[in-house]
Each structure stands twice: as structure tokens, then as C-alpha cells.
Amino acid sequence: MRSLGTSDRPSVRAVSSAIEKVSSRTRARQFVRVMNRMGASPAAILPFVQDSPNFTSRRFEGEEPSLRPRVRAQTSALIAAIRVSGRGQPAGTVPVVPARPPQQPGDLAVTWYGHATSVLEIDGARFLIDPVFSERVSPIRHSGPKRMHPVPGSIADLPSIDAVLISHDHYDHLDQPSIVRLEETHRPHYVVPLGVNAHLLAWGVPEARMTALDWRGETEVAGIRVTCTEARHNSGRGLVDSQTLWAGWALHGARHSAYFAGDSGTSKRFASIGADLGPFDLTLMPVGAYDSFWPDIHMDPEQALAAHRDVNRIGDEAHALTEDHAGVADDFIEGDQRIDTPGGTHEEGEPTETTRTVQTAARESLLVPIHWATFNLSMHWWAEPVRRIRRAALEARVPVAFPRVGERVDVTTGDATAVAAAHAEPWWEECAAPEDRDD
């Protein structure tokens, strides 16, 4: 059968040529769009990171390994993921509360927008954390992990934003369409780890509205001291791994403090962060997307609870008698290479460089679990992370609040135990699969 392009009729050939041009242009536009979402090139990132003492051999490295699974482990993980693909989905509709941010930021409150995206109010300042408002977390618009519940509010609905905090450049934490929307509506200041500023520059954010920090670097925003803290993770939006830094954030105002852990595997650095910067009134801890195939980069719920206790115990040896096993050792995966690194300085017996000495404040600090419920990024059951941390917290007598997506938690309405009690309903059981519920 002859193609339209070789037809004997000039009009048909002309139509064929026009279709080919339009198709080529469409493919070109799609390619440009994907490349734009991926952000800055390795060459563009390098000038912003090459002078960091943590940047060696053309990648960032911490004291502990944060390795992606090797080829053999990746193949095994892919097969396992296909086998249990339905586990990470809720069986029913996830309840979402329409976000109603106050015109003036409160003294200490947090609204969880899903996954890691949160709005933190502290001493009259408002911070938007890891803003991801897109339907998918991927450089490709119609492919990749899809949102499992609606966003509870829009970027435009936020009355004011003093700064945007970004933990790292993975697609579920740094979303190009959301940055574009922020520039259209708020034009905020951005505080980011080293190298992430190169992505923002590529998307049109002026350098004057960015502060890029290395681990333990500090800046001040609206009277709040913001400190970039270590994490055990990696980064990358393309083929080059870990060329930008990943981090957590400690925030200190005149009256209150908060800690956002970013993404991290279990780490002894949490106890050092607690010794030097803690304790905190509020912590936002990632509890989901864990698996034995990548134990270096995501904590499981019990490890997240241990990290919460670590950042709230301070002293010369980061002591404070505990009943839990802070930091479970990594599993060793055959065909991969990892170092067995338990978390918690008190386990290692390493003194922390500080002169401050107080007992643990974990029972006076409120934990809000994040990084679950929104995107299917692992192989555990959808509600498993929140079920496990709820049990662990009850055993350890640590106050944990479980807000619905979009629900504002005002930490100043009482002590941590009272606030946790006001957000204790296991709402996830209504939409979890029968196998994904507590007996």
C-alpha cells in the first residue's frame, strides 16, 4: 500500500507533508517540555556545588552511604513491585479537608497538603515546604506516579509565603509546574540545598530570591533562623546521580522551633542534629516509601519515630535512656553493596560536640508523619506506614498527630499530648483495603 507522501496527487502529498511537519513540531515541543521539567544540566549545576567540602568525585557524599540499588537489586525490585502493584493504592476515597490558611500566620501550626508538601506557620511566618501540586511526579506529563487524592488547596489560595523550603530535587519534592505557578502568584523567596538553585534558575526564578545552603549553613527569613541539616539520601532528576545536595531543615523563631527531616534513611546524624539544634516543638518525619531494596534512603515508621526521639534528645553524649531500638541496621542485599550503619549517636557511643545537657524532650514534642498516602512509590500497603508508627508511638508514649490531608494542626492549643489526642482518629481505616487494616 502506497503512503500518502508518495501519492500521485499533489494535494494529497501536500496534506501528508503538513501532517509530518505538525507531528515533528509536536514531538519537538514535547521533548523541550520534558527537558525543561528535568531542570538544569549537570554542566549548569557544577559551578554551584564544586566548592562544597561534601562534593567529591563529582557527587555529594555524606558520612553514611546513600546508594541506589545496583542493577541486580533493581531487577529484583521491579519484579517484586509488579507482583504487589495493587498494595500501594487505597481501596476507597481518601478524605480531604479543604485547606483554609489564615490570613496571618499563627505561632506554630502545620497543614499537610499530601506527601511531603506542607505549610508551616511559625512565630508569624509562613513556609511552604516541598511544593508538589501536580497530578503526577514525573518529567512526563501523562506518565509516572499519579496522585491518589486531590490537592486540598491551590498555591494561589495561600495568602502569603515568606519562603519556600525544598529538601532535594527528586520529582516528588521539586515540581517544575508548581514553581512556575509560585512565580505567577507569589514570587517568593526560596531556601534550597546547594545545586537546587540551578534548577530554579533554569525555570526563571531570579538569583536574588534564592538562598542555597550546604549542610549546617544558616539564613534568616522573617525573623526565623533556618538551618540546613544533614540527611541520608540522594538526588537527581536525570542520569547523573547526587550532583545536588539533599537536606532537612531546622527552624527556630523567638518562641517556637520545628524540624522537617526531608527524605532520609536511618542515620546517626539525627542525634547530632538534636544535640546541636534541638529539641523541637514540632517535627515532620517521613514514614513511607520504605523497602528493604533501598534501606539507605528512606526510613521505615519505627526508624522515623527513633529519628524523632534523636532530634529531641540533646547533651554531650546525646543520651537519654530509651526503650526503643533507635535506628535499625540496614539489610544487606545480595548483588548490592551497602555498609551496615545503625542510627543514633547514643548507640555508637560517639560524643557530640556541644556543651548543652538536658533530658530528652521527645514526649513534649509533637510528631506529624508525612511522605505517605499521596503517591504510590513503594511496595508496602497504602496505610501501613501510619498503622506502624501509630503502634510504635503508643508503645513509646510519644505524642503523634494524624491529620487528614488539608487539616490544620495548631500546636499552640495545648501540650503535645493534648494536640495529638485532638488528631488521633484512624481515618485511614475507612479507605484502606481489608488486608491493610489493624485487627
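Guide: Buried means under 20% relative accessible area, exposed means over 50%, and partly exposed lies in between, with a 1.4 Å probe and protein chains only. This is a predicted model, in which local features need pLDDT of at least 70, side-chain atom pairs count only at pLDDT 80 or more, and totals for chains, interfaces and linings use all residues. Residues are numbered from 1 along each chain as its sequence is written, and side-chain values use heavy atoms, with hydrogens and water left out.

Visitor: Why is tryptophan 246 called buried?

Guide: Its relative accessible area is 1%, and buried means under 20%. Tryptophan 215, at 13% relative accessibility, also counts as buried.

Visitor: What makes tryptophan 215 and tryptophan 246 an aromatic pair, and of which kind?

Guide: Rings of Phe, Tyr and Trp (its six-membered ring) pair if their centres lie within 6.5 Å; planes under 30 degrees apart count as stacked, over 60 as edge-to-face and the rest as tilted. Here the centres are 6.0 Å apart and the planes stand at 75°, which makes the pair edge-to-face. Tryptophan 215 lies in the loop between strand 8 and strand 9, and tryptophan 246 in the loop between strand 10 and strand 11, so the pair ties together parts 31 residues apart in sequence. Strands (E, at least two residues) and helices (H or I, at least four) are DSSP runs, numbered from the N terminus.

Visitor: How many aromatic pairs does the structure hold?

Guide: There are 10. In one of them, the rings of tryptophan 112 and tryptophan 372 have centres 5.8 Å apart and planes at 25°, so this pair is stacked. Tryptophan 112 is in strand 3 and tryptophan 372 in the loop between strand 14 and helix 9, 260 residues apart. Tryptophan 112 has a relative accessible area of 2% and is buried; tryptophan 372, at 4%, counts as buried too.

Visitor: How do you know that the length of helix 9 agrees with its residue count?

Guide: The expected span is 1.5 Å times one less than the number of residues. For the 13 residues of helix 9 (384-396) that gives 18 Å, and the end C-alpha atoms are 18 Å apart, which agrees. Just after the helix, arginine 397 takes a positive phi of about 55°.

Visitor: What do the buried residues of helix 9 pack against?

Guide: They pack against helix 7 (301-311) and strand 14 (366-370), where contact means heavy atoms within 4.5 Å. Among these buried residues are Val386, Ile389 and Ala392.
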